[in-house]
Every structure is written in C-alpha cells, then in structure tokens.
Amino acid sequence: MAKVFIYPTTSLILSDLVARFGHTPLSAALQIRDRIQTPGLESPPLQITPEGPKKGLRWAAVEVPSGVRGRMSLYGPMIEEAEAAIIINNPDFSFGCMGCARTNELINFLIRKRKVPILDLEYPVNDEEGVEFVAAIKRFLDGLNGGAA
Amino acid sequence: MTQYSPRYAGTVTKYIFVESPDMTPSDLAIRAYEISQGVMIKETCFGLQVTGNEDDVNRIIDSLRMLDPSHIFVKDRGFPPGDSRRCRANLGGARPGYFGHEFEIGLIRRVSKGLESLPARKPKDTPHPPAPSRVRKLDAARLKKIIDSQES
C-alpha cells in the first residue's frame with residue numbers, strides 16, 4: 001500500500017479512487033484533523049498557530065508570505081511522505097479566496113522535484129474521458145508498491 | 001488566547017457522497033443507522049458524515065459502498081460534524097469547502113461511468129486520459145530579444 005499525494009489536496013474524486021484501489025490518499029483533511037484534534041491554544045478556524053509559518057520555512061524562504069508558509073506546513077510533510085502523486089492540472093476551485101496560486105505552484109514544483117511516480121491529468125469533460133480517466137488512475141495505482149499488478 | 005480542548009479526539013470523520021439514480025441520501029442514512037452501533041451518523045443533502053473510531057467507520061463505509069459501488073464516494077474530513085468553525089448554521093452561507101464538492105459532484109457521473117466500464121476493459125488496453133495541455137509559454141530569452149529589438 002503506497003502513500004499517494006493528491007492534488008487538488010481536497011479532491012473527493014482522487015481521494016476516493018486512491019482508497020478504492022487499495023492505497024492511502026494523502027489529503028489536506030488528514031493534516032487539518034491532526035491540528036483540530038490537538039489540544040493547545042484556541043486559533044480558529046483551522047487551528048493554525050504562529051508555529052505554522054515557522055514550520056513552513058522548511059519548504060519556503062523567509063521572504064515568502066506567511067500565508068504560503070502556513071499552508072506549506074500542512075502540505076510539506078505530505079509531499080515528503082509521498083511515494084507517488086496524482087495531479088489534476090488547472091483545477092478551477094483551488095484558485096480564489098480559499099486557495100493560493102503561489103502555494104499551488106510551490107506544491108507542484110516540490111512534488112515533481114521528489115522524482116516519485118506522477119500521473120498528470122485534467123478533469124474529464126465527457127463520459128469517454130471519464131472512462132479513460134478512471135482507467136489511467138487504476139493502471140497507475142496497480143503499478144505502485146502494494147498495487148494489484 | 002484561550003485554551004482549546006478538542007471534541008471527539010481520537011475519532012475520524014468521513015464524508016460519504018451518493019450520486020445515484022437508484023439511491024438517495026436518506027436511503028443510505030437508514031442503512032447506516034441500522035449498522036451504526038454507536039458511531040455518529042449525520043445525514044446531509046449529499047450523503048452522510050460518519051464519525052467514530054477508524055475501524056468502525058471503515059466497517060460502515062465498506063458495508064455502505066456495497067449498496068452501489070460505482071455511485072458512492074468517500075473522502076476524509078478534518079472537522080467533526082456541527083463544528084462551529086465550519087458549520088453553516090453558525091457562519092451563514094455555504095460551508096467553506098462546499099464549492100470544491102459542488103464542482104466535483106458536477107462531473108462525478110463521468111467517474112461512475114469509468115468505474116462501471118472497468119470490468120469490461122482488457123488489461124492490455126492503454127488508457128488515453130485527458131492530458132494537460134502543453135501551451136508553450138514565452139521563453140525568457142525570446143522576451144529579452146523582443147525588448148532589445150524595441151530599444152534599439
């Protein structure tokens with residue numbers, strides 16, 4: 001069973017397919033849960049304390065905005081832990097008030113730098129693409145350690 | 001700053017989404033309540049949230065998935081249900097994260113189609129998934145040439 005980093009990190013589709021085909025999806029929810037379930041000082045809404053941006057210095061330089069460094073304290077450990085990655089390019093919903101374009105770029109750069117097996121995709125726009133999308137993910141996951149192949 | 005003590009520490013929460021022509025979230029909820037055995041089940045408009053210890057939650061999910069495997073989708077959630085930092089009852093408007101779900105649920109029937117077609121697919125068939133478009137961006141050297149040509 002391999003640990004598979006998924007991007008977008010909140011993706012329902014990727015999270016489900018990775019778990020369904022027998023691997024462990026590394027999604028943002030696991031890191032958020034870790035913080036939400038750790039006692040300490042109250043820091044709503046995500047329990048990200050001033051420690052977050054400090055931890056983020058491992059992946060982003062000090063002059064990088066604290067928002068990017070805080071986000072990297074969530075995603076950085078998952079990138080380091082990942083044994084493979086599935087990336088959906090250009091997801092509309094990861095950009096905007098809830099996302100951060102610079103963090104997204106940094107995540108994509110760092111995961112590619114890890115040289116782990118990566119599957120690059122786009123969201124399917126019709127049924128035929130959906131069929132190929134699922135088949136490609138299954139084949140990729142079957143080829144990993146602990147996969148069906 | 002005030003002290004923070006987490007509720008439901010040591011539990012996991014998972015979302016179960018159902019997008020099926022044969023099953024509604026309330027059908028799924030009834031089945032989940034039957035086998036819940038102390039695990040917290042919350043019915044939502046799109047499916048369920050299940051909170052409890054990991055083994056119990058996985059047992060319920062495995063059992064529910066069998067009802068309609070290609071139309072039931074599961075993902076982890078960081079917050080427990082009804083958490084005041086996330087619940088729209090306290091915030092007003094859609095819950096943060098809802099828009100991502102709304103977007104993916106809009107195209108999940110294509111994924112269901114893909115799951116249904118997997119058994120009929122030959123193992124040797126090479127998939128041709130939607131690949132990212134490789135639009136060439138302006139090269140820095142080319143940009144410099146353009147600037148130089150304008151200056152001279």
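The model on screen is a predicted one. Strands in a sheet pair through backbone hydrogen bonds, and the pairing may be parallel or antiparallel.

**The sheet of chain B**

Together the four strands make an open sheet, in the order S3-S4-S2-S5, with antiparallel pairing.

Next, select helix H1 (residues 25–34) of chain B. H1 packs on the sheet and touches strand S2 (12–18), S3 and S4 of chain B. The direction of H1 makes about 25° with that of S4(B).

**Two helices in chain A**

Move to chain A and select helix H4 (residues 66–81) and helix H5 (residues 101–113). Their axes are 10 Å apart, and the helices pack at an angle of about 25°. An angle under 35 degrees counts as roughly parallel, so H4(A) and H5(A) are roughly parallel to each other. Their crossing is right-handed.

Show the side chains where these two helices meet:

- From H4(A), the contact is made by Val68(A), Arg71(A), Met72(A), Tyr75(A) and Ile79(A).
- From H5(A), it is made by Arg102(A), Thr103(A), Leu106(A), Ile107(A), Leu110(A) and Ile111(A).

Colour them by class: the contact of H4(A) with H5(A) has eight nonpolar, one polar and two charged residues.

**Where the chains meet**

Finally, show both chains. How many residues does each chain bring to the contact? Chain A brings 43 residues and chain B brings 40. On the side of chain B that touches chain A, at least two residues each come from strand S1 (3–4), strand S5 (72–77), helix H4 (98–106) and helix H5 (108–117) of chain B. H5(B) gives the most to this side, with seven residues. By class, the residues on this side of chain B are 21 nonpolar, 10 polar and nine charged.

For the last stop, select strand S3 (residues 40–41) of chain A together with S1(B). These strands run antiparallel and are joined by two bridges. Within this pair, Leu41(A) stands opposite Gln3(B) of S1(B).

Technical notes:
Residues are numbered from 1 along each chain as its sequence is written. Chains are lettered from A and ligands numbered from 1 in the order in which they are written. This is a predicted model: local features need pLDDT of at least 70, side-chain atom pairs count only at pLDDT 80 or more; totals for chains, interfaces and linings use all residues. Two residues are in contact if their C-beta atoms, placed from the backbone, lie within 7 Å. Ala, Val, Leu, Ile, Met, Phe, Trp, Tyr, Cys and Pro count as nonpolar, Asp, Glu, Lys and Arg as charged, and the others, Gly among them, as polar. Two strands pair if DSSP finds at least two bridges between them. Axes are lines fitted to C-alpha atoms, for helices over the stretch in contact, and angles run from 0 to 180 degrees between N-to-C directions. Angles under 35 degrees count as roughly parallel, over 145 as roughly antiparallel, 65 to 115 as roughly perpendicular and the rest as oblique. A crossing is left-handed if the near helix is turned anticlockwise from the far one by less than a right angle, and right-handed if clockwise.
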